[in-house]
Amino acid sequence: MSQSPRHSTVPFWTLLLSSVALVVVTACGGSSNPLADEPYDATDVGLAGGAGDGQKADPGKPIEVTTEGGDRITDVTVTDASGRRVKGDLDPDGSRWHSTGALSAGVRYTVRVSTEDEDGAQGRRTMDFETSRANRVLRVAFGPQNGTYGVGQPITAELSEPVQDPAARAVVERTLKVESEPAVQGSWYWVDNKTLHYRPQEYWPAHATIDVRATLEGIKVGSGLYGGPVKGVRLTTGDRVEAVTDASAHYMAVLKNGQEIRSIPVTTGKPGYATRNGVKVILGQEAFVRMRGTSIGISEGSSDAYDLPVYWATRVTWSGEYVHAAPWSEGSQGADNVSHGCTGMSTANAKWFFDNVRVGDLVKVVGSAGATMTPFDNGFGDWNMPWKQWREGSALTAGKREGGTSPADTARLRPRL
């Protein structure tokens, strides 16, 4: 039997693998591309400006990163423990980087530097430094304390040092955080150099949770003044309770979540002692208080003088305006105004009112001959200020249109077609 010669064949997949192996071997056999190499340790890079070598840097002065060799700095990041970055500028020739953003006091920073040598090889260096503590510390005390309040309760921030400069106020205000669930729009208002109030555009929602905190610690506020640690507060709101008194009709309507739950005959301030109009916020409650005419400037022995034991008193101003029991005037309640400015009612109604309201609930008076409750100097009259005017009291929104765009911005964002 004749046999044909056998030809040896190489499978296609074997040739393919050989080609791949050849490419891989060639690629791993060395490279002239410096980007493929591991970054070298950029030991020629150092810190200047008072940082490094165990020295604490002055937070009021810029930090510099420099290189002494022929390497060029290509990138610098300076961050604190929370990841906040410090702004800075790099010289065009790559020989120096310096901070332009403010450093915080008493903070540890990490500096990460990237470099490049004359051959294009990449270098890396990581360094740390600390800033010295501040000699003057700005502290903030939030109010009220943790607890449940009515929907009219403003938030207050009391500063330990006066802050007047607009730029410094903006720095402080930017660190004061108010977050609510459900979320609402709100703003701070600078009452004076040491006091801020915060309120929403409308009242707080019923049954909301409000967290108040600050990120002020270590932040530079002004020359030599840095923020200190701040203790936050958490508030909750109850039902929306509003007491609306029509002084001309001599009746108070008490509403809960928009529904009237009680109508109460009352007497308010007589001529010369007219009750203030406007919205007030309940400041506190006293089951018993002794009221004397001398506390509001009435002389002893005059026809208007009084000295009375008063029960179930709910305070709405620091100067002494209350909603309280007034059994001596029950004949005038629902018919005439005979008080010295307070809202009087029967003992039973005053006890009911006392038991059904809380600090932060709203007391509104209309139809009185009195002036309107002032916003800040006699309790919480914050809600009597229009929202547009309130925003003008913020260092961040004063002079800005609500929504953040001016007519010029709108024109720029909407070019003509």
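This is a predicted model: local features need pLDDT of at least 70, side-chain atom pairs count only at pLDDT 80 or more; totals for chains, interfaces and linings use all residues.
In which strand is the place of Trp-312? Trp-312 is in strand 25, a strand that spans residues 307-315.

**Nonpolar cores**
- The largest nonpolar core has 34 residues, of which Phe-142, Ile-155 and Trp-188 touch the most other members.
- Leaving aside residues up to four places away in sequence, the contacts of Ile-155 include Val-178, Trp-188, Leu-196 and Leu-235.

**The open sheet and its helix**
- Four strands form an open sheet with mixed pairing, in the order 24-25-26-27.
- Strand 24 (284-292) and strand 27 (343-345) each have a single partner strand, so one side of each lacks a neighbour in the sheet.
- On average, neighbouring strands of this sheet are turned by 35° against each other, direction ignored.
- Strand 26 (residues 322-325) pairs with strand 27 in the parallel sense over three bridges; Val-323 has Thr-343 in strand 27 as its bridge partner.
- Helix 3 (residues 347-356) lies across strands 24, 25, 26 and 27, and runs at about 35° to strand 25.

**Backbone features**
- The peptide bond from Gly-143 to Pro-144 is cis, with omega near 0°; Pro-144 is in the loop between strand 10 and strand 11.
- The peptide bond from Glu-181 to Pro-182 is also cis, with omega near 5°; Pro-182 lies in the loop between strand 13 and strand 14.
- Trp-312, although not a glycine, has a positive phi of about 55°, and Trp-312 is partly exposed, with a relative accessible area of 23%.
- His-207, in the loop between strand 15 and strand 16, has a positive phi near 55° and is exposed, with a relative accessible area of 54%.

Note on methods. Residues are numbered from 1 along each chain as its sequence is written. Side-chain values use heavy atoms; hydrogens and water are left out. A nonpolar core is a set of buried Ala, Val, Leu, Ile, Met, Phe, Trp, Tyr and Cys residues joined through side-chain atoms within 4.5 Å. Buried means under 20% relative accessible area, exposed over 50%, partly exposed in between (1.4 Å probe, protein chains only). Contact means heavy atoms within 4.5 Å. Two strands pair if DSSP finds at least two bridges between them. Helices (H or I, at least four residues) and strands (E, at least two) are DSSP runs, numbered from the N terminus. Axes are lines fitted to C-alpha atoms, for helices over the stretch in contact, and angles run from 0 to 180 degrees between N-to-C directions.
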